[in-house]
Amino acid sequence: MKPIITLAGLVLAVASACAHAEPIVIKFSHVVAEDTPKGKGALMFKRLAEERLPGQVRVEVYPNSTLFGDANELEALRNDEVQLLAPSLAKFEQYTKQLQVFDLPFLFDDLDAVDRFQKRSKGRQLLRAMEDKNITGLAYWHNGMKQLSATRMLRQPSDASGLTFRIQPSAVLEAQFGAIGASTQQIPFANVYDALRSGTVQGAENPWSNIFSKKMHTVQPYIIESGHGVVDYMLVSNTRFWMGMPHRVRSELEAIIDEVTFMVNQEAEELNKADRERIRQAGTSEIITLTPEERQRWREAMRPVWKEFEPVIGADIVNAAETVNRKQHN
Ligand code: LMR
């Protein structure tokens, strides 16, 4: 006998299947503290996603390298062991050389310039630069401009000679320190504080929020307000996972990402300013402000790095980035 399916029965069956369907689990792993621009962004994404897609999406946030760290998070994403990450732009070198543009020293005058570049077509295109590696860029999130920190007072580029700086895994950053006679060591973010405390390295570069939240100022007697580069992030997902979600869920999540991105990018600068003030009040390190002439000397010393990397990054990308600055440079 043929089973008779009524419309009401079908509606009921679908409704009950939906009610019992397991939520899509999105693991969001990152390496920084929760009270940083990225840490706050991850938590806001979780809150909005679970509020607006109740029972359909569950977001698990793992801060401070508790699930994956710098060394393995991108491979874990490609293997779908984690579904969202926001690595700093210096950490994608293995997958595309184009993002190295963000590491070029003194390319962007400030975070507003970085923002303008990310919003223009070249910047937007870079979000798709790793799709053939199963990595989809969903948004850029700001942290802030990098400041140098060291065991020694640095005013002139030559003052850094002989020191070893911790760097992210980026050939541009290695060349940047090489240009001022310093050595480098690539160290995952989770181990930076210990490396500075034990003296394995004598210097580093980070925005104020990372310096403060990881207590680096307690082991670096000098912080030089150099603003020579940027630490920003690309929010990324596994392409197959992201495109494989039901269309309705994906569009809702993308709308949420737009909202979170707006919040992160609006608050990042304020958060860094507040952490700068906390560091100043802690009194453990001297904050050195460079005069315009001193800063120009750092710029001149590091600027040759652009020429070295322009052929790999693409002259079109470097030029597009340079034009976002409002000041004219020599
Ligand atoms: C670093 O490794 O220095 C930073 O990129 C960490 C981060 O994610 O802000």
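V31, V32, K38, S88, K91, R166, Q168, F189, N206, N210, V231 and Y233 line the largest cavity. A cavity here is a set of points, on a 1 Å grid over the protein atoms alone, where a 1.4 Å probe fits but cannot get out, and lining residues have an atom within 4 Å of a point. This is a predicted model, with local features needing pLDDT of at least 70 and side-chain atom pairs counting only at pLDDT 80 or more, while totals for chains, interfaces and linings use all residues. Residues are numbered from 1 along each chain as its sequence is written, and side-chain values use heavy atoms, with hydrogens and water left out.

How much space lies in the largest cavity? About 80 Å³, where a volume is the space filled by probe spheres set on the grid points, which are joined across faces, edges and corners. Searching the whole structure turns up 3 cavities of 30 Å³ or more. The lining of the largest one splits into 5 nonpolar, 4 polar and 3 charged residues (nonpolar: Ala, Val, Leu, Ile, Met, Phe, Trp, Tyr, Cys and Pro; charged: Asp, Glu, Lys and Arg; polar: the others, Gly among them).

## The ligand

Among the residues around the ligand are V31, K38, R166, F189 and Y233, where a residue counts as near if one of its heavy atoms lies within 4 Å.

Now for the polar contacts (pairs of N or O atoms within 3.5 Å). K38 puts a polar side-chain atom 2.7 Å from a ligand oxygen atom. For S88 the corresponding distance to an oxygen atom of the ligand is 3.4 Å, and for N206 it is 3.5 Å. On its own the ligand has 270 Å² of accessible area, and the protein covers 100% of it (Shrake-Rupley method, 1.4 Å probe).

The largest pocket holds about 560 Å³ of space; a pocket is an open set of grid points with protein on both sides within 12 Å along at least five of seven lines. It has 26 lining residues, and R124, L138, A139, Y140 and T261 are the closest to its centre. Helix 4 (111-119), strand 4, helix 9 (239-244) and helix 10 (247-282) each give two or more residues to this lining.

Helix 10 is the top contributor to the pocket lining, with 8 residues. By class, the lining has 9 nonpolar, 8 polar and 9 charged residues.

S65 isn't a glycine, yet it has a positive phi of about 60 degrees. You'll find S65 in the loop between strand 2 (57-62) and helix 3 (73-78); helices (H or I, at least four residues) and strands (E, at least two) are DSSP runs, numbered from the N terminus.

N134, also not a glycine, has a positive phi of about 70 degrees. N134 lies in the loop that runs between helix 5 (121-126) and strand 4 (135-145).

Notes
A polar contact is a pair of N or O atoms within 3.5 Å; within protein, one must be able to donate a hydrogen and the other to accept it, and residues adjacent in sequence count only if both atoms are side-chain atoms.
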